[in-house]
Amino acid sequence: MDASSGSHRTDDRHGFLGREVLELGTLLFAAGAAHLLVVSLGHSDSGVRTLIGLGVLLLAFSALHRWHLHRRSRDRAAPPAGTTDPATGRARSASPAEDRLWSVRVTVADVPGGLAALTGRFAALGVDIRLMQVHPDGTDAVDEFFVSAPASVGEPELHRSVRDAGGRDAVVRTADVHELSDTTSRTLTMVDALVTGTTTLERCLLALAAAQDVRYTRAPDRQDPARELSGTAMILPAPGGGTLTVHRADVPFTPVEFARCRALAQVACSLHERAYHR
């Protein structure tokens, strides 16, 4: 410690003591003045009413003052709709309620920093990434983003941002807020519904895979593994025998999605076998 720092701390202690004495003196003065006022006016009915009236006025003035300060700070922090965000150079949306939820699925190179360009493009559009799911697939990775975008940002702008960032095979669609829940939690909820019998495997697959159609086929249980996953269709075992073919338009299934749906189908098959042998 040098001499200057020691002198500074000494001055701080003296200043602190001076403030304490000043605050104590102010408190005693206020208490004495309040006692004198109560003694002077408190012995008559009109004096009591005067004290109550003064108290109400002071409380009302304090509440009004606090409300005014809060309103000024809120107006200062939130620019009006239509102003430009200095961080992105884009116009702000009028209200978060006008934002729309999108799913953006894109193939990117599975290398360190491969997502930096894409997330930077999203930020420039004022797009907020709410959830991201990674589907590894060999040397590349299929990434699915659930993003909240201003009303002024639509499918063409999202496609352009992906293309400019070097992404491939982009699929952009509107999403539902229920898709923001954690995939593991959704799967466990579906397993519980299968166990209790409150839903069917077909309904679970439609929700879990965001599919449009599930068709049952009476076929041998043994299938060619190469046919089980093919683009926008996958074949799964059905409880009691046969197969279920799950279809989804435009967006191919990834190996991760196939493994997840196959595990759910296996659970349904096990439950069916247990119930059959009772």
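The structure is a predicted model, in which local features need pLDDT of at least 70 and side-chain atom pairs count only at pLDDT 80 or more, while totals for chains, interfaces and linings use all residues. Residues are numbered from 1 along each chain as its sequence is written, and side-chain values use heavy atoms, with hydrogens and water left out.

The protein contains eight helices and eight strands; here helices (H or I, at least four residues) and strands (E, at least two) are DSSP runs, numbered from the N terminus. Of its 278 residues, 26% count as buried. Buried means under 20% relative accessible area, exposed means over 50%, and partly exposed lies in between (1.4 Å probe, protein chains only). The accessible surface of the protein is about 18000 Å², and carbon and sulfur atoms hold 59% of that surface. Such areas come from the Shrake-Rupley method with a 1.4 Å probe, and for residues only the protein chains shown count as cover. Among contacts in the protein with a separation of 6 or more, 63% join residues 24 or more positions apart, where contact means heavy atoms within 4.5 Å.

Next come the helix pairs. Two packed helices are described by the angle between their axes and the distance between the axes. The axes are lines fitted to C-alpha atoms, for helices over the stretch in contact, and angles run from 0 to 180 degrees between N-to-C directions. Angles under 35 degrees count as roughly parallel, over 145 as roughly antiparallel, 65 to 115 as roughly perpendicular and the rest as oblique. A crossing is right-handed if the near helix is turned clockwise from the far one by less than a right angle, and left-handed if anticlockwise.

Helix 8 (residues 255-276) packs with helix 6 (residues 201-208): their axes come within 11 Å and cross at roughly 165 degrees. Helix 6 is therefore roughly antiparallel to helix 8, and the crossing of the two is right-handed. On the helix 6 side, the contact is made by Leu 201, Cys 204, Leu 205 and Leu 208, and on the helix 8 side by Arg 260, Cys 261, Leu 264, Ala 265 and Ala 268. Sorted by type, the residues of this contact are eight nonpolar, no polar and one charged. In this sorting, Ala, Val, Leu, Ile, Met, Phe, Trp, Tyr, Cys and Pro count as nonpolar, Asp, Glu, Lys and Arg as charged, and the others, Gly among them, as polar.

Helix 8 also packs with helix 5 (residues 183-196), at an angle of about 20 degrees and with the axes 10 Å apart. These two helices are therefore roughly parallel to each other, and helix 5 passes helix 8 in a right-handed crossing. From helix 5, Thr 183, Thr 187, Met 190, Val 191, Leu 194 and Val 195 meet Arg 260, Leu 264, Val 267, Ala 268 and Leu 271 of helix 8. This contact of helix 5 with helix 8 is made up of eight nonpolar, two polar and one charged residue.

In another pair, the axes of helix 3 (residues 116-124) and helix 4 (residues 155-164) come within 8 Å and cross at roughly 145 degrees, with a right-handed crossing. Here Leu 118, Arg 121 and Phe 122 of helix 3 meet Leu 158, Ser 161, Val 162 and Asp 164 of helix 4. The residues of this contact are four nonpolar, one polar and two charged.

Cys 269 belongs to helix 8 and counts as buried, at 15% relative accessibility. Leaving aside residues up to four places away in sequence, Cys 269 touches Pro 237, Ala 238 and Pro 239. The C-alpha atom of Cys 269 is 8.6 Å from that of Gly 241, 28 residues apart along the chain.

Val 246 sits in strand 8 (residues 243-247) and is buried, at 0% relative accessibility. Not counting residues up to four places away in sequence, its contacts include Leu 205, Val 214, Met 234 and Phe 253. The C-alpha atoms of Val 246 and Arg 215, 31 residues apart along the chain, are separated by 6.6 Å.

Finally, the backbone deserves a look. Most residues other than glycine have a negative phi. Asp 169, in strand 4 (residues 168-174), has a positive phi near 55 degrees and is exposed, with a relative accessible area of 62%. Ala 210, in the loop between helix 6 and strand 5 (213-217), has a positive phi near 50 degrees and is partly exposed, with a relative accessible area of 29%.
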